[in-house]
Every structure is written in structure tokens, then in C-alpha cells.
Amino acid sequence: NGTLAASVLGFVNENEEGYGIEAYYNSYLKGTDGRVITTTDAHGNAMPYDYSARYSAKDGNSLVLSIDENIQQSLETHLSAAITEYGVQNRGAGIVMNVNTGEILAMAVEPSYDLNDPFTITDPVILEELAAITDEEERAQAQTNALWQRVWRNKAVSDTYYPGSVFKMITAAAALDSGLVDTSQTFNCTGALEVAKGVTMHCAELSGHGTLDFYGGLDNSCNPYFIQMAWKMGTDVFCDYLQAFGFLERTGIDMDDESLTQTVSRENMGVVELSSSAYGQTTSVTPIALITAACAVVNGGKLLEPHVVKQILDADGNVVENIEPVIKRQVISEDVSNTICAMLENSVKEGHGKNAYVAGYHVGGKSGTSQKNQGIGAGDEEEEQK
């Protein structure tokens, strides 16, 4: 199927080096070569007595994926369209995950590559970079090393980014579950908040929202509201929930090269770092880590281990292993999860997320605009200006 699910499937080369599940599950897939053992003299001639042992070749196993081909095609189509529309320069990634099982229903990185011809670069951004290299030797080296790695690298599990306000549903769930904040909690937003001497952080609504309750803070994605919410929790409680939601460890997805979330340690998290962390501008996460945590927010509070393989079959089609859901821990209570679910759904149905509403379905969501945090200072935190 050409480029379909290329970042998931991947490939291996003649040295058994590669990417995706082809590399991760290579020992299951490759089988065992057959061989014949006989006795010979030092020159390779047959000995006067007869001895031989024959070992038959053994076919490798097959994998049954959790990927839904229709969802995968839809994700790739719309992701490609968005990349073109917004002029994305460093590829885009998307994941669809079953919140109750951890099964990955779709995972895409665009622009992609053809699995039947993985050594041909088609990404226009990378091709433009190649064209700018005039030295032929340097160009050949770039094409065979760094640029190819960018083509094959699965951004959904290997790259980190600052998620912005999508992270606010994590902060909101943590605050409610801790018992230090309730849904009637109000904070005032004037459009800016001085969090430390000489350090002011801003709201997207520069004139301010006024007094907001919990739902208003979430629906309006108000930065000052979430900063003050984090202050109520304090550093230790906030960091406890960062750990509980899995941001201090790898998710354990069955793929190589998963990166760790980059976060400020508990010891180094002062009021400035706590404030910006509350709305997703200091913690740099992988897409797979964020969606895994988001699933825990809305599935009743369970942190699951994501996976793309659901069955291993032998050469005759018999089931060797079923991959069952793995629940790592209960992160928040079921009641808190239900409350956040209702708020996220209401935000789509009646609040600021109306463009995501689909008639006949329960749809919930949280918007976010990512912005790299390159050193915090006065006026640096003007997140979500659109």
C-alpha cells in the first residue's frame, strides 16, 4: 500500500537495522534458516562414515495490528492537507487511540515515504535542502545520513514538542483530583499576571476575562486561571501528577526510539516554571505521551500502555499471543474523569470548540497552540494568540 502507515510499519535492511514494528518485532518476523550439518575432513571432503543432520527452515510469525485502515487513510489525508495549508516545515504527526484499551487505531507522520522504496526522498522541504547543497560529496553524505533519518523517524513517538493549552486538561484533572480545587473555584483574569518580579505571563484575551469559574477557565483556555490553579496545588502536588500521568517515563509503546518527556525537575521547579508548566509551555512531550495521558483523563482515570500489535500468529495462522490491555495505574478518580469529560464535551457543543461538533455524536476536546519556550521573561508567554 505504498506510503500507508509507513511510520508504523517501517522496514529493516540487510543488517537487520531499521524502523517501526518491522524492526521492533524483527525476531518474531524473520523465522529461522534451515541448515544441514555433515562431517568433512579439513579440506571439505566427505568422511568415510556417514553422518548428517537436517534442520528444517522455520517460517516467521505474522502480526495482526490494531491499525484501522479506514481511520489510517483518513488521518493521513487530512494531516497532509493541513501541512500544505499551513506550510508546515518539519512534518506533522497524528495519532488516534482507543481510550479504553490503549490500541493505536491510526498513527501518521507526513510527509511520509514509500515502504517499497524507502531510500527515495520525496519530502519537498528536505529536497529543497538537498538542492541547496552544491558539493556533490557533501550532498551524497547528507542524503545517506541525517536527511534520511528525518524521513524515517517516527515523529509521533521520537520527537518532543511544547503542547500548549492541550496540556490544560491534564492540569485541570490533577487539580480536581487533588481536592485542592473544586468546580466552583474562581480566579480573576486581567489579561496579564505577574508571577515573579519582572516576569509577567499573558492571556490570549489581552483585555482579560474577568472572574471565571472552573469551566469558564477551561473553556476560555485562560492562562492566568491555570497559573493560579497551579499555585493552589503547589510544586509537589503538581509534580506528583506529572509522574502519575506518565510524563517521567516512556509509555512502553511497542516501537523503538521512543523519547522521554523533557520536564523541569521537582528540585528546579520554582514559581515561574510551575506557572508556565500549568498551561503546557515548559514540559516538552512526545505526541504518544500526551495522548496516553489524555486518554487517562477521559477513560475513568486509567493510565494504559499504548500498543500497535494486538496478536501474534504462527505460520499456520494459529494465535501465539494475544496482546491484552495493560493498565499501569489509576491516576485520577472516575468521578473526576467524568466531570472533565462533561466539561470538554460541553466546550465543543456550546463553548469555544463548536467547530469540532458532530451532530449525533458525543465529542469533547481541548484546543491548543504550541509555542517553543526559549527562555522565560517578561512578555514571553503570549500563548494562543489565535
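## Touring the cavities

The second largest cavity has a volume of about 40 Å³. The model in the viewer is predicted.

Begin with this cavity. Select Phe167, Ile170, Thr171, Ala174, Phe238, Tyr241, Leu242 and Phe245, the residues that line the second largest cavity. Next, colour α9 (168–178) and α12 (235–244), the elements that each give two or more residues to that lining. What classes of residue line the second largest cavity? Its lining has 7 nonpolar residues and 1 polar residue, with no charged residues.

Now widen the view to the whole structure. A search of it finds 3 cavities of 30 Å³ or more.

Move on to the largest cavity, which holds about 60 Å³ of space.

Then show α14 (287–298) and β12 (302–304), the elements that give two or more residues to the lining of the largest cavity. Which element gives the largest share of this lining? That is α14, with 3 residues.

To finish, colour the lining of the largest cavity by class: 7 residues are nonpolar, 3 are polar and 3 are charged. For the second largest cavity, the corresponding colouring gives 7 nonpolar, 1 polar and no charged residues.

Notes
Residues are numbered from 1 along each chain as its sequence is written. This is a predicted model: local features need pLDDT of at least 70, side-chain atom pairs count only at pLDDT 80 or more; totals for chains, interfaces and linings use all residues. Side-chain values use heavy atoms; hydrogens and water are left out. On a 1 Å grid over the protein atoms alone, a cavity is a set of points where a 1.4 Å probe fits but cannot get out, and a pocket is an open set with protein on both sides within 12 Å along at least five of seven lines; lining residues have an atom within 4 Å of a point. Grid points are joined across faces, edges and corners, and a volume is the space filled by probe spheres set on the points. Helices (H or I, at least four residues) and strands (E, at least two) are DSSP runs, numbered from the N terminus. Ala, Val, Leu, Ile, Met, Phe, Trp, Tyr, Cys and Pro count as nonpolar, Asp, Glu, Lys and Arg as charged, and the others, Gly among them, as polar.
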